[in-house]
Amino acid sequence: MTAMVKPLISVFAYILLAPFAGAILAGIDRKISARMQGRQGPPIMQPLYDVGKLLKKETRITNSVQVVYLVTFLIFIIITGAMFFAGMDLLMVFFILTTANLFLVVAAYASGSPYAAMGANRELMQMMAYEPMVLIFSVGLYVITGTFRVDEIVSSYHLPAIVYLPGIFIGFVFILTIKLRKHPFDLSTSHHAHQEMVKGITTEFNGTMFAIVEISHWYENIFLLGVLALFFLNGYTWSIILAIAAIIICYFVEILVDNTNARVKWQIMFKNSWIITAVLGAINLVIIEVIKEVK
């Protein structure tokens with residue numbers, strides 16, 4: 001019975017608290033970015049205020065099916081995080097995350113806007129760029145722990161995964177720039193004011209629809225930081241402190257990269273992502289297998 005209570009608490013905590021934690025994280029992001037640019041910046045709670053305003057605004061819908069796709073996108077994102085924090089199969093978690101993003105792409109296509117269609121095309125390209133590293137990350141954890149289940153990975157008394165997977169860790173942080181939609185890889189849409197194709201995939205989302213997208217990203221960002229923690233968590237209590245410190249450092253690095261790099265073309269993003277995946281990810285896996293054979 002106790003074994004069932006803990007996952008349920010984790011799931012409910014994620015569903016209830018993740019959007020607020022994600023909003024505060026976005027506010028801290030904007031505050032740090034402003035300070036890096038010599039500005040005061042908005043209050044940390046500004047993302048919540050913005051979404052509150054969006055929910056009160058009139059929503060203009062170009063195609064009624066868009067709302068269905070966006071709500072499904074949000075639901076699948078929540079399911080992704082809930083399954084992850086419940087300690088379920090990591091491969092299934094990433095599969096559902098990919099499905100969620102496909103609903104966002106279809107919602108953009110359904111608008112009929114050329115700018116949204118361009119953003120949707122780039123979103124698909126970004127998915128193709130980071131998915132190989134996501135798969136290698138999952139396989140790497142399996143090689144170390146012998147399981148894909150998140151609860152078994154974090155409770156196994158092994159050295160932190162980063163000891164065995166330093167190349168995969170660097171590669172994962174690299175593609176995290178894509179998932180967090182930060183420069184230089186925020187190609188399909190951007191949280192910055194400037195964007196060469198208006199707002200890309202979110203061009204035709206307004207009012208409640210755009211609020212749904214923002215809330216979904218808050219859920220997704222908390223989930224992604226949870227995935228990052230898997231590189232550091234094991235059965236020891238001290239690993240929690242290590243994971244929190246690593247998340248803070250990595251997120252600050254992402255903000256720094258975001259504010260010191262210009263957006264690149266999709267071809268550069270795609271090529272660099274696959275090179276990183278092949279060089280750091282695949283070679284890391286090969287080295288682990290060689291070490292296991294020697295032992």
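This is a predicted model: local features need pLDDT of at least 70, side-chain atom pairs count only at pLDDT 80 or more; totals for chains, interfaces and linings use all residues.
Leaving aside neighbours within four places in sequence, Phe 205 is in contact with Gln 66, Leu 70, Leu 104, Ala 107, Ala 108, Phe 210 and Val 213.

Next, colour the largest nonpolar core, which has 78 residues. Phe 205 is among the members that touch the most others, along with Phe 137, Phe 223, Leu 228 and Phe 231. Which helix gives the most to this core? The answer is H9, with 14 residues.

Now select helix H9, residues 208-229, and find Ser 216 in it. Is Ser 216 buried or exposed? Ser 216 counts as buried because its relative accessibility is 0%, and the cut-off for buried is under 20%. Show its contacts: not counting residues up to four places away in sequence, Ser 216 touches Phe 73, Leu 74 and Ile 77.

Two packed helices are described by the angle between their axes and the distance between the axes.

On H2, select Pro 47, Leu 48, Val 51, Leu 54 and Leu 55. On H9, select Thr 208, Phe 210, Ala 211, Glu 214, Ile 215 and Trp 218. Colour this contact by class: nine residues are nonpolar, one is polar and one is charged. Phe 210 of H9, part of this contact, is also one of the residues in contact with Phe 205, where the tour began.

Definitions and conventions: Residues are numbered from 1 along each chain as its sequence is written. Side-chain values use heavy atoms; hydrogens and water are left out. Helices (H or I, at least four residues) and strands (E, at least two) are DSSP runs, numbered from the N terminus. Buried means under 20% relative accessible area, exposed over 50%, partly exposed in between (1.4 Å probe, protein chains only). Contact means heavy atoms within 4.5 Å. Ala, Val, Leu, Ile, Met, Phe, Trp, Tyr, Cys and Pro count as nonpolar, Asp, Glu, Lys and Arg as charged, and the others, Gly among them, as polar. A nonpolar core is a set of buried Ala, Val, Leu, Ile, Met, Phe, Trp, Tyr and Cys residues joined through side-chain atoms within 4.5 Å.
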